[in-house]
Amino acid sequence: MTLLQFDRLTVAVSGRPVLRRVTLDVAAGEAVGLVGESGSGKSMTVRSVMRLLPAGATVGGTVRFDGADVGALDAAGLRRMRSRDVAMVFQDPRAVVNPVRTVGDFLTEVLRDQGTGRSEATRRAAAALSEVGVGDAMRRLQQRPYELSGGLLQRVVIAAALLTGPRLILADEPTTALDTTTQEEVVAILAEQRRLRGTTLMFITHDLELAAAVCDRIAVMYAGEIVEILPAARLHSDARHPYTRALLGSRPGAVAPGERLRTVPGVPQSALTAPPGCVFADRCPHAEARCRDVRPVFTGSAACHLLEVL
Ligand SMILES: Nc1ncnc2c1ncn2[C@@H]1O[C@H](COP(=O)(O)OP(=O)(O)OP(=O)(O)O)[C@@H](O)[C@H]1O
């Protein structure tokens, strides 16, 4: 069953295009990674699900959650979706948690709003903390955000995201602000908890390998478009789009120790500056004349003229 469906989602902010015809189906229980360089539209795509777009955004196409057109939800429907069905985990936990209130206040707030009594809300909050590997949960509930490390606080945010039993978690670079060891722990917890609960996940990251470790499928974005969608387990063998191949070649792990790191040549395009044809044409080592002029259609798993003839 499809839980989340993007159908030719197009977004412009103050008349400047940021997403173009993003089309993707996410099955219930599936984890999909959204990868791509900075500015490719990953955040805008997941924010569209919650209708959290910047002021002045215009939206074309549709986003459906459990069959309902998110753009057509009334205020009550939107509130319900945001508070119960869909949870977001952002890059910086300190931007999300109120710095002057306790961790317990933060965790119990939604439950209390939904009518859960204080002691039951506290019990569930403590249990949620334990589930994400935070020990001494009752003491943590009394603490304020500045008393916790970034990694611990991100676990608190994940516990909060899981607390209402959402069907979908949108995680927008949830570990970018953390050090490497903590990143691995936090990602492992998020992945384990969502697997245990069967929660659907959209996971944004710059890191292809991380996406492959956490997700079932990977959607690669460039300049506001999805250029390739592929199974995570076959990332290396199945990647065919020149942009995905270039990203794989520019990973630190792709070069021998001591060898110079490779980057994707050229300057990243945005949806605004992309050429009328293939969005990657300016940087693609294989581009032909038609690539610059004619937009490739998404055939099979990628949008690339060079693959259409194969
Ligand atoms: N508040 C905003 N107002 C106007 N344009 C914006 C706003 N936020 C992002 N954009 C533009 O939308 C495009 C897509 O941005 P988005 O944040 O979705 O990219 P991203 O792939 O998530 O990048 P990053 O990895 O840096 O977070 C970019 O061109 C960006 O400049």
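**Briefing: loops and helix packing**

Asp136 sits in the loop between helix 4 and helix 5 (137–142). Helices (H or I, at least four residues) and strands (E, at least two) are DSSP runs, numbered from the N terminus. This is a predicted model, in which local features need pLDDT of at least 70 and side-chain atom pairs count only at pLDDT 80 or more, while totals for chains, interfaces and linings use all residues. Residues are numbered from 1 along each chain as its sequence is written.

**Loop residues with positive phi**

- Asp136 is not a glycine, yet its phi is positive, at about 55 degrees.
- Asp136 is exposed, with 11 other C-beta atoms within 10 Å.
- Arg51 is partly exposed, as 15 other C-beta atoms lie within 10 Å.

**Helix 6 and its surroundings**

- Helix 6 has 14 residues and reaches 20 Å from its first C-alpha to its last. This is close to the 20 Å expected at 1.5 Å a residue, where the expected span is 1.5 Å times one less than the number of residues.
- Twelve of the 14 residues of helix 6 are buried, so this helix is largely enclosed by the rest of the structure.
- Among the buried residues of helix 6 are Leu152, Gln154, Arg155, Ile158 and Ala161.
- The cover over the buried residues of helix 6 includes strand 6 (86–89), helix 3, helix 4 (118–131), strand 7 (168–172) and helix 7 (180–197).
- Gly165 follows helix 6 and has a positive phi, near 65 degrees.

**Helix 3 against helix 6**

- Two packed helices are described by the angle between their axes and the distance between the axes.
- The axes of helix 3 (residues 103–113) and helix 6 (residues 150–163) come within 9 Å and cross at roughly 15 degrees. Axes are lines fitted to C-alpha atoms, for helices over the stretch in contact, and angles run from 0 to 180 degrees between N-to-C directions.
- Helix 3 is therefore roughly parallel to helix 6. Angles under 35 degrees count as roughly parallel, over 145 as roughly antiparallel, 65 to 115 as roughly perpendicular and the rest as oblique.
- The crossing of helix 3 and helix 6 is right-handed. A crossing is right-handed if the near helix is turned clockwise from the far one by less than a right angle, and left-handed if anticlockwise.
- Val103, Phe106, Leu107, Val110 and Leu111 of helix 3 meet Val156, Ala159, Ala160 and Leu163 of helix 6. Two residues are in contact if their C-beta atoms, placed from the backbone, lie within 7 Å.
- By class, this contact has nine nonpolar, no polar and no charged residues. Ala, Val, Leu, Ile, Met, Phe, Trp, Tyr, Cys and Pro count as nonpolar, Asp, Glu, Lys and Arg as charged, and the others, Gly among them, as polar.

**Helix 4 against helix 6**

- Helix 4 and helix 6 pack at an angle of about 120 degrees, and their axes are 9 Å apart.
- Helix 4 is therefore oblique to helix 6.
- Helix 4 and helix 6 form a right-handed crossing.
- Arg124, Ala125, Ala128, Leu129 and Glu131 of helix 4 are in contact with Val156, Ala159, Leu162 and Leu163 of helix 6.
- The contact of helix 4 with helix 6 has seven nonpolar, no polar and two charged residues.

**Helix 10 and Leu247**

- Leu247 belongs to helix 10 (residues 242–249).
- Leu247 is buried, with 22 other C-beta atoms within 10 Å.
- Apart from its neighbours within four places in sequence, Leu247 is in contact with Leu208 and Val264.
- Leu247 and Leu208 are 39 residues apart in sequence, while their C-alpha atoms are 7.9 Å apart in space.
- The buried residues of helix 10 pack against helix 8 (208–214), strand 9 (217–222) and strand 10 (225–231).

Key:
A residue is buried if 20 or more other C-beta atoms lie within 10 Å of its own, exposed if 12 or fewer, and partly exposed in between; C-beta atoms are placed from the backbone.
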